[in-house]
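Subject: Structure handover and notes

Dear colleague,

I am passing on the structure we spoke about, together with some notes on what turned up when I went through it. Please look at the coordinates alongside the text.

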Amino acid sequence: MKKMLSILMTVAFLLGSAAFAVADEAQAKLYSYYGNNMLFKQLDEAVLAGTGTPGANIALTLKNATGTSIQTANAVVAPDGTFKVSFPAPAGGYDEYSITLTVNNKQFAVLTGVVFGELWLAGGQSNMQMPLGQSETGISMQQNGIVGSDALRFLAVPAQGGYDGNIEHYPAKPITDYGVAVNWYKGTDENVYGLSAVGYFFAEEMIEKLDMPVGILNANLGGTSILTWLSREAIENDVGVLNDCKADGRYIALADWKEDKINFSSDMTCNFNDKIAPLKNFRLSGMIWYQGETDLFWENGQYTRAFNLLQKSYTEYFNYKDGLLPIVYTQLASYSYGDANALQSKNAEFADMQSLQPDSRAMTSIYDIPLSYDVVTHAIHPICKQEVGEKMAYAALGLVYDRHDSYSAPYKSKIVYKDNSIYVTLNNIGDGLMVDGDTLYGFAICGDDGIYVAADAQLVSNDTVRIYCDGIENPASATYAFAQYNGKANLFASRNGEKLLAVSPFITNRFRTAHTWQNEAWTNCDYDSYWHCHSNEYSGFYNTWNVSNATLRFAESSAYSGEKGLLVCADGNSDTFSISPNFTYNENGKTAYFQDADLNWSNYGTLSFKVRVESSEAVRFDELRIETGNSNCDWYTAKIMDDATIPADGEWHTVTLDLNTLYPQGNKATSTYSHNVLNDVKNVTFTFADLGAAGADISVDDFRFTADSEEREDVNVQLNLGNESSLIAKIKAFFLMIFSRIMLLFS
């Protein structure tokens, strides 16, 4: 019996020793996205997570700057080898804390320099990813050795995770940790130049206004679709987005996922799995979002469905408890995408998205920011990012922190059609709408034909604008800032007489096919130069008008409407002088045409302008010459519908040109209807005859198109031999008529 008892005691001792050995050998490790100088969201659940020996005990201690313990928490490593331990975060402030973690009473991690404040996720594509060091302000900061605030903390999420050691591989399922090193940095570190420029300026503005630390989870990637940032679970449980994925051929079943064949730019869920998924344990204050260029050509409504899902699914994923996760998002900057309507249509859709969830979203408009860019980053990436970040901070301060009640760019809330006008009421106006200047710009209007022309506009109350055009009765739709470049559009919300956010681009009625108005700067004669976006080094400001045998000045005294008009002074060296709107630029010694100019005049019926003689003798308008890329004829003149002689009476006179009566090469023996003739305008010249001996001075302003909504044959040829005074001219006219008839047969 004694021998048996001895054996049992020995076994018990050995088992106990083994148990202590297992306890002593228990391991634990935090996920890589925790580190020194990190930030947790204040007054929320602070979660730390990692891996460890199943069954091991995890203990956490939060200490203040004096080393006093102020929070403790415990957890047990789950059977799958993961753990989470959390504690209630204290109020935000500049004091730094330390966090100590032990596994079975053995220390395995110490985090120092930890702060509590407001934590935001910075998501999107290249305009969000663009680092501070490439921005206009950041370049200057770097040159002068200026860094950011100690209160700014950011997590540099890797652009491509390489979860399995190969950055070309994208995981089929959400990963729990990054496969490469990630770090938290302070704004005072030189690494700040690699932080999103928009995120940096957003955070610095928030720090100043909130007087507390702000953290940025910098997770974005250039050239990526919104579908890449959505989880598989979210997509497959949303019928609309799932159908959109399938319709675009972008749905990839889990069984068909090939990690080495994934396109990070377009394939669904890949960037969520690779970059967003590991951040699950952070509690967010909100999200800033700058994305949409890759999805520019989606049909209206398709992006809205994806954006709605992004907000809903991220709310759930990050365990946000106070309604929907707040999202501050910006519209897209001016750029020529090869489709005259794509950019403005997307920005108008962004405004419609804001109206769906006004209590949890804030949209900023940015078309009023002066554009600047660097050839290295290309014109699609404006380097003026400080203004974007600060606008987003303004929106966040209103949306999340109740600093002001008008936090989104104003967008349309009510539309009324009456009195041959369209009345648009806007919300988020602050104290009321204000015009930056004396004249409203950026409006267009159309009838049922969908052919937009420049419109007049006036504020009729603090929140409503009237849009109208004398030539259009019963208008069907109006637009504002609905062009590729809208730098002159000038309607804003205001507070205490100061501008807030610019009114969002809008369209009141979408036509399936429409000829939109591109805010042609040459027509209102107010600007000596205008931004045109082409590619890289050729984007920028170009003159709006050219002149021949005269001098040209943009003068307030020459304005019929708006702020300025053209003052044209003939040099007296020729019987004629002319002005021409500028449609071209020099590209490596070759003439190239502005990609964002409207050079299709085939839908217009007339073109009129105002002219006033400033000198002592009358001036005659001689000709509108239109050079085209038309294969039938390279230039035409338009019929002058009014008296072509402008008296020297100091009064404004109207010259109207019939764009439906065109004379091939100026030959009035034949006329051609403009449809499919003026669809490729190359150059336009307005020629005047100087009837005075000392040189004529004229003011010119307010060029206006009217829509041509009549149903016509493509070509209408008239024989008018009586207009020719010689046999040769009559023969010439006859053969021109025959040629036109032959072309009609083949059209």
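This is a predicted model: local features need pLDDT of at least 70, side-chain atom pairs count only at pLDDT 80 or more; totals for chains, interfaces and linings use all residues.

**Strand E11 and asparagine 218**

Asparagine 218 belongs to strand E11, which covers residues 214–218, and with a relative accessible area of 8% asparagine 218 is buried, the limit being under 20%.

E11 has parallel pairings with two strands. With strand E8 (residues 106–124) the pairing runs over five bridges, and there leucine 121 has leucine 217 of E11 as its bridge partner. With strand E9 (residues 152–156) the pairing is likewise parallel and over five bridges, and phenylalanine 154 stands opposite isoleucine 216 in E11. Phenylalanine 154 is also 6.8 Å from asparagine 218, C-alpha to C-alpha, although 64 residues separate the two in sequence. Leaving aside residues up to four places away in sequence, asparagine 218 touches Ala122, Leu155, Val157, Gly194, Leu195 and Ser196.

**A sheet of three strands**

Elsewhere there is an open sheet of three strands, in the order E1-E3-E6 and with antiparallel pairing. Its edges are strand E1 (28–30) and strand E6 (82–88), each of which pairs on one side only, and neighbouring strands of the sheet are turned by 35° against each other on average, with direction ignored. Between E1 and strand E3 (residues 45–52) the antiparallel pairing spans three bridges, and in E3 glycine 52 is the bridge partner of alanine 28.

**Helix H9**

Helix H9 (residues 342–356) has 15 residues and reaches 21 Å from its first C-alpha to its last, close to the 21 Å expected at 1.5 Å a residue. Twelve of those 15 residues are buried, which leaves the helix mostly covered; among the buried ones are Lys346, Glu349 and Phe350. The buried residues of H9 pack against helix H8 (302–317), strand E13 (327–330), E14 and strand E25 (506–507).

**Aromatic rings and charges**

A search of the whole structure gives 58 aromatic pairs. In one of these, the rings of tryptophan 298 and tyrosine 303 have centres 6.1 Å apart and planes at 50°, so the pair is tilted. Tryptophan 298 is buried at a relative accessible area of 13%, and tyrosine 303 counts as buried at 0%.

Tyrosine 367 and tyrosine 480 form an edge-to-face pair, with 6.3 Å from centre to centre and 75° between the planes. Because tyrosine 367 lies in the loop between strand E14 (361–364) and helix H10 (386–399), and tyrosine 480 in strand E22 (residues 477–480), this pair ties together parts that are 113 residues apart in sequence. Both tyrosine 367 and tyrosine 480 are buried.

Two charged side chains also sit over rings: the charged end of lysine 418 is 5.2 Å from the ring centre of tyrosine 423, and arginine 625 lies over the face of tryptophan 635 at 3.7 Å from the ring centre.

With best regards

Definitions and conventions. Residues are numbered from 1 along each chain as its sequence is written. Side-chain values use heavy atoms; hydrogens and water are left out. Two strands pair if DSSP finds at least two bridges between them. Helices (H or I, at least four residues) and strands (E, at least two) are DSSP runs, numbered from the N terminus. Axes are lines fitted to C-alpha atoms, for helices over the stretch in contact, and angles run from 0 to 180 degrees between N-to-C directions. Rings of Phe, Tyr and Trp (its six-membered ring) pair if their centres lie within 6.5 Å; planes under 30 degrees apart count as stacked, over 60 as edge-to-face and the rest as tilted. Buried means under 20% relative accessible area, exposed over 50%, partly exposed in between (1.4 Å probe, protein chains only). A charge sits over a ring if NZ of Lys or CZ of Arg is within 6 Å of the ring centre and within 35 degrees of the ring normal. The expected span of a helix is 1.5 Å times one less than its number of residues. Contact means heavy atoms within 4.5 Å.
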